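Trainee: I would like to learn how to read a structure like this one. Please take me through it feature by feature.

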Amino acid sequence: RVRVRGVTIHRPIIYGNTAWVLTPNEREALPSPDHTHRWTVAVRSAASAPDSNEVGGADDLSYFIKRVTFKLHDTYPNPTRNVDKPPFEVSETGWGEFDITIRITFVQESGEKAITFYHHLKLHPWTAPGSGEPEIPTLENALKAGPVHSWQYDEIVFNDPFQSFLNILTAH
Ligand code: SLL
């Protein structure tokens, strides 16, 4: 296998979360009524919108990503969630914000090491009413304000890729 020296190729991604406040009715229907929010954490192609749930097409990263592992807070059952096909996302309910460890494993043919990074799950739309200090709004006001979005753009960079992997990347 041959590395192509001096070549750098990158793939743009978006990662992060969207969170929704649960209505009182939705909360009553849950096994844990202390949960206040529903949220989705995801890794997506930067070529499509963060909220797209499209499988295949522009948002299909599976030609170079084999698995995305989302490590949730230990308060969750089975906190290590492996996602082996798109959409690369996890949806849950909960009451608190925490750091999610995101690990991307690349397809076998790539010969690339997995990469790991973090996303701080954001649930609350902090507001500074009037000239006051920023504060977490009441659930009622947060519900009116609509979903909270917290997304980051980034680029996965491959240096000196194997020729076969470079072919896979450029074919898409
Ligand atoms: C905090 N350090 O205290 C954070 C921890 C934990 C979030 C947040 C519920 C999990 C479950 C949940 O939202 N955990 O009940 O399955 O704010």
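Mentor: Start with Asn78. Asn78 is exposed, at a relative accessible area of 63%. Exposed means over 50%, buried under 20%, and partly exposed in between, using a 1.4 Å probe and protein chains only. Note that this is a predicted model: local features need pLDDT of at least 70, side-chain atom pairs count only at pLDDT 80 or more, and totals for chains, interfaces and linings use all residues. Residues are numbered from 1 along each chain as its sequence is written, and side-chain values use heavy atoms, with hydrogens and water left out.

Trainee: What is phi of Asn78 near?

Mentor: First the general idea. Most residues other than glycine have a negative phi, and most peptide bonds are trans. Phi of Asn78 is positive, near 40 degrees. Asn78 sits in the loop between S3 and S4. Asp160 also has a positive phi, near 45 degrees. Asp160 is in the loop between S8 and H3 and is partly exposed, at 24% relative accessibility. Strands (E, at least two residues) and helices (H or I, at least four) are DSSP runs numbered from the N terminus.

Trainee: Which peptide bond is cis?

Mentor: The one from Pro86 to Pro87, with omega near 0 degrees. Pro87 belongs to the loop between S4 and S5.

Trainee: Is Arg81 buried or exposed?

Mentor: Arg81 is buried, with a relative accessible area of 17%. Arg81 is part of strand S4 (residues 80-83). Its side chain reaches the backbone oxygen of Pro77 at 2.9 Å. Beyond residues up to four places away in sequence, Arg81 touches others including Phe70, Tyr76 and Glu92. Touching, or contact, means heavy atoms within 4.5 Å.

Trainee: How many residues are in the largest nonpolar core?

Mentor: In soluble globular proteins, nonpolar side chains tend to be buried together. A nonpolar core is a set of buried Ala, Val, Leu, Ile, Met, Phe, Trp, Tyr and Cys residues joined through side-chain atoms within 4.5 Å. The largest one here has 34 residues. Trp39, Val43, Phe64, Phe70, Ile100 and Ile104 touch the most other members. Among the elements giving two or more residues to this core are strand S1 (8-21) and helix H3 (163-170).

Trainee: Which residues surround the ligand?

Mentor: His35, His73, Thr75, Tyr76, Gly94, Trp95, Gly96, Glu97 and Phe98. Each has a heavy atom within 4 Å of the ligand. A polar side-chain atom of His35 lies 2.8 Å from a ligand oxygen atom. The protein buries 70% of the 460 Å² that the ligand exposes when taken alone. Such areas come from the Shrake-Rupley method with a 1.4 Å probe; for residues, only the protein chains shown count as cover.

Notes
A polar contact is a pair of N or O atoms within 3.5 Å; within protein, one must be able to donate a hydrogen and the other to accept it, and residues adjacent in sequence count only if both atoms are side-chain atoms.
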